[in-house]
Amino acid sequence: MVFSLKLEYNDDLRRIRVDPSTVNMQFVLDSAQQMFGLRCVSLTYVDDEGERISMSSDIELLEAMRVCEECGRKSLKIRVAESDSLPRPPAALARAESIEERTIRASAVQAAREAREQAAREAERRARALQAAREADEEEERELRAALEEREREIREAEEERER
């Protein structure tokens, strides 16, 4: 799914398309700084209750996009303001996972899921083959028992015939 972010600074409005599963706050901050030529920015949006909400973390960005989706909107309008402080709080200064890393991780998760599904299908196939082999062995055993009983009957009849 593709989602649009509308970045507004003063009277300038810009629109970018993002993938909600890979977008992060650092990307939005970098985009706003580059688009509007600003060094430090702060970001806000208006939520479903009409309140202006500040954003500074990935969790807040994802929540803002979730609120928009619940309201049936396919875009999030973010107001950009020039700031004198750091664009992210100290707790968020740890290296943000890149889109490439998220894509690689998502691919690895998908590959592991597919491998588990394939292993489950193979185990099911083997179980069916084993059950079929058991049934064939049981049928062969019944046939051999019947043949043995028939042979024993023939031997008894031949012995009885000799005794007469």
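Predicted model: local features only at pLDDT ≥ 70, side-chain atom pairs only at ≥ 80, totals over all residues.
Which residues does Ser4 touch, not counting residues up to four places away in sequence?

**View 1. The protein chain as a whole, with 3 helices and 5 strands.** The elements follow one another along the sequence in the pattern β-β-α-β-β-α-β-α. The protein chain has 164 residues, of which 23% count as buried. Its accessible surface comes to about 11900 Å², and carbon and sulfur atoms account for 50% of that surface. When contacts between residues at least 6 apart in sequence are considered, 58% of them join residues at least 24 apart.

View 2. Not counting residues up to four places away in sequence, Ser4 touches Arg15, Ile16, Arg17, Lys74, Ser75 and Leu76. One of these contacts, Ile16, is 12 residues from Ser4 in sequence, while the C-alpha atoms of the two lie 5.6 Å apart. Ser4 counts as buried because its relative accessibility is 4%, the cut-off being under 20%.

**View 3. The open sheet of 5 strands.** The strand order is β2-β1-β5-β3-β4, and the pairing is mixed. Strands β2 (12–18) and β4 form the edges, each pairing on one side only. From one strand to the next the twist averages 30°. Helix α1, residues 25–36, packs on this sheet and touches β1, β2, β3, β4 and β5 (75–82). The direction of α1 makes about 45° with that of β1. Strands of a sheet pair through backbone hydrogen bonds, either parallel or antiparallel.

**View 4. Strand β3 and its two pairings, with β4 and with β5.** Strand β3 spans residues 41–46 and strand β4 spans residues 52–55. These two strands pair in the antiparallel sense over 4 bridges. Val46 stands opposite Arg52 of β4. The hairpin of β3 and β4 has 5 residues between the strands, and in this hairpin Gly50 takes a positive phi near 80°. The pairing of β3 with β5 is also antiparallel, over 4 bridges. Here Ser42 has Ala81 of β5 as its bridge partner.

**View 5. Helix α2 lying across β1, β3, β4 and β5.** Helix α2 comprises residues 58–70 and runs at about 140° to β5. The end C-alpha atoms of α2 are 18 Å apart, which agrees with the 18 Å that its 13 residues should span at 1.5 Å a residue. Just after the helix, Gly72 takes a positive phi of about 85°.

**View 6. The buried and exposed residues of α2.** Leu61, Ala64, Met65, Val67 and Cys68 are the buried residues of this helix. Seen down the axis of α2, the buried residues fall within an arc of 155°, so they line one face of the helix. What does this face pack against? The buried residues of α2 pack against strands β1, β3, β4 and β5 and against helix α1. Ile59 and Glu70, on the other side of α2, are exposed.

Terms used
Residues numbered from 1 in each chain as written. Heavy atoms only, no water. Pairing = 2+ DSSP bridges. Buried < 20%, exposed > 50% of the residue type's maximum accessible area, 1.4 Å probe, protein only. Contact = heavy atoms within 4.5 Å. Areas by Shrake-Rupley, 256 points an atom, 1.4 Å probe, with all protein chains shown as cover. Axes fitted to C-alpha atoms, helices over the stretch in contact; angles between N-to-C directions. Expected span 1.5 Å × (residues − 1). Arc of directions from axis to C-beta.
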